[in-house]
Structures are given as structure tokens and as C-alpha cells.
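Good morning. I have one chain to go through today, and I will keep it short. Please have a look at the structure first.

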Amino acid sequence: MAHRDDSVETIQQEMTAFARRARATAARMHPELSLVSYTLLAHLDDQRGCRATDLAAHYFLDKSTVSRQIAALEKLGFVERRVDPDDHRVQVLHPTEKGAQVLANVTASRRQAFHERLADWDEADLDRFATYLLRYNAAQERLG
């Protein structure tokens, strides 16, 4: 049992270090675009727009947190609100052209950083790591 506990402790410590590095890297790549803002902007781009309440529900965030992040993205000119053509009472958030360009640049930089960090890993290690991450995230989604 001690070995399992040690492994879980190592995983927890390394995941914390990974999250800290991810935040720091995001801040260096685009100082005005936090990791949370990047994630929300990427989701808006991927979904071709959505409501703020949908963002909050998807990421299990408080509506006020999403509201603050979206306000900052709007102020930067990265996000705009559009009236939902199916329900004129609803506003849908969309990345602006500027936001989509910043997102593409940051995404390319992040992808390049991952390629550099994983350059000396062989294909089998990459496949195993990807499988473990998928499994970990699927368990997280099931547990909520």
C-alpha cells in the first residue's frame, strides 16, 4: 500500500508542478491572456460560440468567474457578443478576428513547446503517456 501512496503523492506533486508551469508559460506567451482566458477563448472558438452560462457549466466555474474572464477578453478585443438568431433574448460569445489570431498564435507556440519538451521520447512512451492522460481525464469527467 505504501508504494501506491508514494506513487499517488508523486503524481499529485508532478501535476501541481505541471499546472504551475502551464500558467507561467501562458503568461510568458501572451501576458494579457491567462491560462483560464486561453481555455475559455479556445472553447468559444472550438464551439463556434456559446453562452457564458454554458462556459461556466462546462468548466464547473462560478458564473462570476466566467463573467470577469469574458469582460477581460472583451476589453482586449478578443471576444464579442452576438444576438442568438434563434432567441433574440440570448447573447452568444464569439472570438473576434483578433481573438482568433491570438489564439492561433498561442496554440502554435504551446504546441511547439510540447514538441520540444517531448522531442527525445520514443513513440511508445508518447502513446502510453497520451493514453494515461486520456484515462485520467475521462475518470475526472465521470467523477465530476
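How many helices and strands does the secondary structure of the chain come to? It comes to six helices and two strands, where helices (H or I, at least four residues) and strands (E, at least two) are DSSP runs numbered from the N terminus. In sequence order the pattern reads α-α-α-α-β-β-α-α.

A note on where this comes from. This is a predicted model, so local features need pLDDT of at least 70 and side-chain atom pairs count only at pLDDT 80 or more, while totals for chains, interfaces and linings use all residues. Residues are numbered from 1 along each chain as its sequence is written, and side-chain values use heavy atoms, with hydrogens and water left out.

Now the overall figures. The C-alpha trace spans about 55 × 30 × 25 Å along its principal axes. Of the 144 residues, 24% count as buried; buried means under 20% relative accessible area, exposed means over 50%, and partly exposed is in between, with a 1.4 Å probe and protein chains only.

Next, helix H1. This helix covers residues 2-29, which is 28 residues, and reaches 40 Å from its first C-alpha to its last, close to the 40 Å expected at 1.5 Å a residue. The expected span is 1.5 Å times one less than the number of residues. Which residues of H1 are buried? They are Ala17, Ala22, Thr25 and Ala26. What covers the buried residues of H1 includes helix H2, residues 35-47.

Met15 is also found in helix H1, and Met15 is partly exposed, at a relative accessible area of 36%.

Between H1 and H2 there is a loop, and Ser34 is found in it. Ser34 counts as partly exposed, at 33% relative accessibility. The C-alpha atoms of Ser34 and Ser64 are separated by 16 Å, and these residues are 30 apart along the chain.

Last, the aromatic rings. The structure holds one aromatic pair, and a pair here means rings of Phe, Tyr or Trp (its six-membered ring) with centres within 6.5 Å; planes under 30 degrees apart count as stacked, over 60 as edge-to-face and the rest as tilted. Why is the pair of Trp121 and Phe129 tilted? Because the planes of their rings are at 55°, with the centres 5.3 Å apart. Trp121 is partly exposed at 33% relative accessibility, and Phe129 is partly exposed at 36%.

That is the end of my part.

Notes
Contact means heavy atoms within 4.5 Å.
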